[in-house]
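These are my notebook entries on a structure that is new to me. I set down what I looked up, one topic at a time.

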Amino acid sequence: MNESPETAETLVIGIGNDFRGDDAAGLVAARALRSRSLSGRTSFEVCESNGSAFSLMDLWRGRGRVVVIDALDVGSRPGGDILILDGLQGPLPQDAFVLSTHAFGLKEAIDLSSTLSGLPKELIIVGIVGKQFAMGDPLSAELAHVVQRMVSEWPRCLEAYVPAINHVHGSKSLKENGNHA
Amino acid sequence: MSDSKTKTIKVSYLARVEGEGALHVRMRKGKVEDVQLKIFEPPRFFEAFLRGRNALEAPDITARICGICPVAYQMSAVHAVEHALGVTVTEPLRDLRRLLYCGEWIESHTLHVYMLHAPDFLGFEDAMGMAKSHPKEVQMGLAIKKAGNSIVSVVGGREVHPINVKVGGFHRAPRPGEVRTLLEPLQRALAMAVDTVRWVAGFSFPDFDREPEFVALRHPTEYPMCDGRVVSSEGIDIDAVQFDDQFAEIHVPYTNALHSVVKGRGSYLTGPLARFNLNRSLLATTARSLADEFLLEIIVKSPFKSIIIRSIEIVHALEEAIRIIEKYRESPAPSVPFTLHAGAGAAVTEAPRGLLYHRYRLSEDGTILDAKIIPPTSQNQKSIEDDLRDLLPSRAALPKGELTHLCEQAIRNHDPCISCATHFLRLEIHDVEPSDGTVMP
């Protein structure tokens, strides 16, 4: 990536479900980033999504730079790891983004947008590894803390790690690299 | 498969989406010995969540049960609470609710037709594969769904989990100017939806008919959505408050979802096929004309043709939405006044995939003492098993892959939630050692 990921043209999409535990991470991050943006400390557009493929495709079609924040379910990674993926360098991990509504989620939105020439120019995916996704559970304290730190370091946390490799095991992790220890 | 062998078709459980499902079919000597459709639906938890909450919260709490059908849950909840409180919502607010429901039908049906069901008929693994060969059709689906999203966004307050519905009406009635912005996209979507009907009517359909007891709402003058009596092809004709007298939920050991049955008879089917067969004459003009052109049979018995009916219902919902918008006038107040008091109420509305029953009992201050929710998924579960039981014997010799795919397709005929879950399950077919010792290759 050649420019800072934080510009007025950047669209940040937080994906998740407030009622499914750590799946709320993307939404919580989006709300916190919106507050920062409204307070004038940053300048970019923020929206929330349940992650349905069609909605995502609508949101990012024709956009320059899009940053998606979503919870990840990767059993092999510790909860709270943050993985940065380049959405245009697919394929994404098959089963990592598992909690989007009705299984037509982020991965499918990228695949379908690619086929239909509807991808943005840049697509950065911030995956936050969660551990509990039961219906009715709140966001865990561990992930809430990680999200808070990530937002406080925004957008520096992205600049340091984009682009990355699109394999979960090979992706760069902020936590591993010390940014979110 | 030879008659001497036993075959087990197993579609493994995967906890990923609302309406999680698994399938287990056991066949011996060409006969189906056992069919178990396992569903793990969340509404049971929600019934517990609701106890002790104020009745005014029920529409927004229950809307979270389903990411695809939040309006259906809001509509059934709000009507049931209003019934308990003796509240009547009249025009133009009633029409506004119907408009909102149209938006959800359009969204949900379009997702199912294009993303879940059409790939089955065209031989693709999924919608992504289909999009490579049929980009024009998929773009059409996206545009139709977007028109539905816009309705939900304008009337419901936002696209996902709308928040504008309240007991007594709406928090805010949209301005006529806002509603009119929907008109042009909806008119474009209507033309595309008509093309969709023509497209799916040209698919090849497996030769399979079954005539379950069809159960749907019936309204004297409208294709049913928000209200009406519960009727069936076997003569049921009841008000929503009599639902528990006519239908029973039974526990089956292998699934968390209770099976719904007609008392004294057994399984029944709700959803597009039932709705259409019981209300065909009430479709809007273009939708009815398309039905007459492509569905010549008086009663549609092929569950595989539900894709045609869903497409016709998209046309109907678009026509109905346009009709409502063209005559829309803003209500003097966004809701009617009421007071909380003790009472009990029930309502049934037509979610895109079938009847959705809510019943509440309230205390003097409006606290929910007891709640009951029966989603269409659990109502259709037993009928879906019956479909598989009747479908498979004549196709027992099919290769394992084809047979498994046919099972999935048969499930997808009825319910998008289950369809999603099974579509993405890791499929496993275990050929178990039969009684004669032969092991399937």
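I began with His134(B), which counts as buried because its relative accessible area is 18%; buried means under 20% relative accessible area, exposed over 50% and partly exposed in between, with a 1.4 Å probe and protein chains only. I located His134(B) in the loop between α5 (127-133) and α6 (135-156) of chain B. Helices (H or I, at least four residues) and strands (E, at least two) are DSSP runs numbered from the N terminus. Leaving aside neighbours within four places in sequence, I found His134(B) in contact with Leu122(B), Phe124(B) and Trp199(B), where contact means heavy atoms within 4.5 Å.

I noted the basis of the entries: this is a predicted model, in which local features need pLDDT of at least 70 and side-chain atom pairs count only at pLDDT 80 or more, while totals for chains, interfaces and linings use all residues. Residues are numbered from 1 along each chain as its sequence is written, chains are lettered from A and ligands numbered from 1 in the order in which they are written, and side-chain values use heavy atoms, with hydrogens and water left out.

For Cys102(B), the nearest cysteine sulfur is that of Cys226(B), 8.5 Å away. Cys102(B) counts as buried because its relative accessibility is 0%; Cys69(B) is buried as well, at 2%.

I then turned to a sheet in chain B. It is open, has three strands in the order β6-β7-β8, and its pairing is antiparallel; two strands pair if DSSP finds at least two bridges between them. The edge strands, each pairing on one side only, are β6 (215-218) and β8 (237-238) of chain B. I recorded four bridges between β6(B) and β7(B), the latter being residues 229-232. Arg218(B) has Arg229(B), in β7(B), as its bridge partner.

For helix α12(B), residues 306-326, I noted 21 residues and a reach of 30 Å from first C-alpha to last, close to the 30 Å expected; the expected span is 1.5 Å times one less than the number of residues. Of the 21 residues of α12(B), 19 are buried.

Last, chain A. I listed five helices and five strands, in the pattern β-α-β-α-β-β-α-β-α-α along the sequence. Of its 181 residues, 61% count as buried.

Key: Disulfide = S-S within 2.5 Å.
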